[in-house]
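Please start with the helices, then move on to the pocket and the backbone.

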Amino acid sequence: MNTALFSVRLVAWQDHATQLTHVRQTVFVDEQGVPPELELDEHDSDALHALAEDNDGHPIGAGRLLPDGHIGRLAVLATWRGHRVGRALLDVLIEAAARRGYAEAILNAQIQALDFYRRAGFSVTSEPFMEAGIAHQEMRKPLQNG
C-alpha cells in the first residue's frame, strides 16, 4: 500500500528485524514501559510482518500476523500518528489474514485503542485483562476470503 507520505509492505523478520525492532522498541519499550524481554519474542521469526516506511525509507510503523491468525505488535512512531499509518498497517495485515484463509482476525487491543479497532470492524470479545502491565481486551473481526 502506497500513499503520498508513506508505504506499507509485508516483510520477513529475518530481512527487516532492525527496522521492525526500532519501531517496537520506541513505542512499546521506551514510551509504554513494556519490558524488552516481553516485547521481542519467539514468535517474530514465524510471523508475517508489515512495515511502514516514510518516503525516505525510514521505518515509521510495524505490525505482525501470527500463524494462528492473531494480529499484534501494531505500533506507529509518535510523529506519524494521525496520518493513517496504523490503519494502513492494520488493513494490510487483515488482507494477509484473509488471503491465508483465516475465518477471522483476532487481536488483543490496548484499552485506549479500542475505538481505533472498532472503526476497522473489530468487536470486543473478552473482559479486560492485563498484558505486559497494560489493560487489553480481545477483539475479533470476521473475514471474507476465497
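## A bent first helix

Helix α1 (residues 13–31) has 19 residues, yet its end C-alpha atoms are only 22 Å apart, short of the 27 Å that a straight helix would reach at 1.5 Å a residue. The expected span is 1.5 Å times one less than the number of residues. Helices (H or I, at least four residues) and strands (E, at least two) are DSSP runs, numbered from the N terminus. Where does α1 bend? The bend is at Gln19, by about 40°, taken as the angle between axes fitted to the seven residues ending there and the seven starting there.

This is a predicted model, in which local features need pLDDT of at least 70 and side-chain atom pairs count only at pLDDT 80 or more, while totals for chains, interfaces and linings use all residues. Residues are numbered from 1 along each chain as its sequence is written, and side-chain values use heavy atoms, with hydrogens and water left out.

The buried residues of α1 are Trp13, His16, Leu20, Val23, Arg24, Val27, Phe28 and Val29. Buried means under 20% relative accessible area, exposed over 50%, and partly exposed in between (1.4 Å probe, protein chains only). Their cover includes β1 (6–12), α2, β2 (48–54), β3 (59–65), β4 (70–76) and β5 (104–110), where contact means heavy atoms within 4.5 Å. After α1 comes Gly33, with a positive phi near 75°.

Glu39 sits in helix α2 (residues 36–39). Why does Glu39 count as buried? Glu39 counts as buried because its relative accessibility is 4%. Its side chain makes a polar contact with the side chain of Arg24 (2.4 Å). A polar contact is a pair of N or O atoms within 3.5 Å; within protein, one must be able to donate a hydrogen and the other to accept it, and residues adjacent in sequence count only if both atoms are side-chain atoms. Not counting residues up to four places away in sequence, Glu39 touches Arg24, Phe28, Val29, Val34 and Arg73.

## A covered helix

Helix α3 (85–99) has 15 residues and reaches 21 Å from its first C-alpha to its last, close to the 21 Å expected at 1.5 Å a residue. This helix is mostly covered, with 11 of its 15 residues buried, including Val85, Leu89, Val92 and Ala96.

Ala96 counts as buried because its relative accessibility is 2%. Leaving out residues up to four places away in sequence, Ala96 touches Leu10, Leu48 and Leu65. Just after α3, Gly101 takes a positive phi of about 90°.

## The largest pocket

The largest pocket has a volume of about 990 Å³. Of the 39 residues that line this pocket, the closest to its centre are Phe28, Leu74, Ala75, Gln110 and Tyr117. Which strand gives the most to the lining of the largest pocket? That is β4, with seven residues.

On a 1 Å grid over the protein atoms alone, a pocket is an open set of points where a 1.4 Å probe fits, with protein on both sides within 12 Å along at least five of seven lines; lining residues have an atom within 4 Å of a point. Grid points are joined across faces, edges and corners, and a volume is the space filled by probe spheres set on the points.

Most residues other than glycine have a negative phi. Arg73, in strand β4, has a positive phi of about 55° although it is not a glycine. Arg84, in the loop between β4 and α3, has a positive phi of about 70°. Arg73 is buried, with a relative accessible area of 19%, whereas Arg84 is exposed, at 58%.
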